[in-house]
Amino acid sequence: MPEPDPDITALVSPVYLAGESSPVPALSPLMDAGFRQEVDTKGNVQLTSPGGRHHVEYMPNGLTHALWGIAEAPDRYTPPTWQATFTTGTPPEVVAAFATALTQDGGPRPSGPRPRADDVLRPLADAGWRRRENEWEIDFTSPDHLTTVRYDTTPGHPLDADYEPWLVYGARNLGHGPDWYGAFTTHTPTRLVTAVATRMGSPEPVPRTNTETLHPEATVTNRAARSSTPTDIPRASAARSRTHATAGDSRPQPSAMPTPLAQAASARPRRRR
């Protein structure tokens with residue numbers, strides 16, 4: 001019988017108040033989809049899709065406040081068609097929603113008028129977020145008033161490919177602004193924005209091993225063995241390897257996460273305000 005894991009994981013909700021954690025939930029869907037990875041000497045990760053169109057950067061030791069950068073471009077030296085950015089403090093599950101949708105076939109790029117913001121952000125309305133509209137923007141604010149997803153409706157901006165009409169302000173702290181934010185440029189596929197909205201509006205809790213980064217208003221709903229959480233993939237893999245070895249199985253066991261990626265996952269992002 002395996003020994004019980006002494007480490008306990010808190011289950012936290014809502015996701016937008018859960019704070020930063022291991023990047024594994026966001027990186028795993030990309031690796032599963034065959035993204036090629038490169039890790040620099042500082043532990044920053046660059047991932048490229050099999051077709052070379054999509055590029056993802058995870059920069060725990062970067063020089064700016066951006067922790068995640070995701071873009072579509074023919075190569076790293078061509079201006080992107082669209083890009084998305086998430087800052088330090090962003091819960092990895094929010095990035096994971098975007099990354100998972102990115103790996104799924106969205107079909108041909110839709111033609112004609114872009115979907116209305118209300119249609120793109122419908123999951124937030126369905127989750128009870130409050131809608132507000134004025135002459136230049138549409139806001140959806142969470143029931144606790146701590147997080148807002150905003151779409152800029154100012155005429156002319158949709159013609160600017162570098163403009164960021166989609167903004168997510170996460171986990172407001174009184175007097176200190178948001179703990180994190182995400183920004184998506186004009187031509188970001190709206191299905192990716194909807195994927196983020198769906199996760200933001202979901203009440204499903206997320207696991208955390210460090211409660212120091214939680215927002216003061218976050219709710220700890222339960223506690224579970226750490227080994228049962230997605231953030232413990234390396235440990236679970238090692239445990240399985242020991243079990244097979246004990247049973248006399250000499251076959252090599254696949255690693256759940258490549259070694260360079262494991263190094264990057266262990267690099268704690270520095271706060272850059």
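A residue is called buried here when its relative accessible area is under 20%, exposed when over 50%, and partly exposed in between (1.4 Å probe, protein chains only). By this rule Asp 118, at 16% relative accessibility, counts as buried, and of the 273 residues of the protein 47% are buried. The structure is a predicted model, in which local features need pLDDT of at least 70 and side-chain atom pairs count only at pLDDT 80 or more, whereas totals for chains, interfaces and linings use all residues. Residues are numbered from 1 along each chain as its sequence is written, and side-chain values use heavy atoms, with hydrogens and water left out.

The protein has 7 helices and 13 strands, taken as DSSP runs (H or I of at least four residues for helices, E of at least two for strands) and numbered from the N terminus. An open sheet is formed by 10 strands in the order E2-E3-E4-E5-E6-E11-E10-E9-E8-E7, with antiparallel pairing, where two strands pair if DSSP finds at least two bridges between them. Strand E2 (36-39) and strand E7 (130-133) stand at the edges with a single partner strand each, so that one side of each is left without a neighbour in the sheet. Within this sheet, neighbouring strands are turned by 15° against each other on average, direction ignored; axes are lines fitted to C-alpha atoms, for helices over the stretch in contact, and angles run from 0 to 180 degrees between N-to-C directions.

Strand E6 (residues 82-87) and strand E11 (residues 177-184) run antiparallel and are joined by 3 bridges; in E11, Phe 184 is the bridge partner of Ala 84. Helix H2 (residues 92-103) packs on the sheet, touching strand E4 (54-58), strand E5 (66-72), E6 and E11, and its direction makes about 160° with that of E6, contact meaning heavy atoms within 4.5 Å.

A salt bridge is defined as a side-chain nitrogen of Lys or Arg within 4 Å of a carboxyl oxygen of Asp or Glu, and the count by this rule comes to 11. In one of these, the closest N and O atoms of Arg 53 and Glu 72 are 2.8 Å apart. Arg 53 lies in the loop between strand E3 (45-48) and E4 and Glu 72 in strand E5, so the pair ties together parts that are 19 residues apart in sequence. Arg 53 is partly exposed, with a relative accessible area of 44%, while Glu 72 is buried, at 8%.

The side chains of Arg 131 and Asp 118 also meet in a salt bridge (2.7 Å, N to O).
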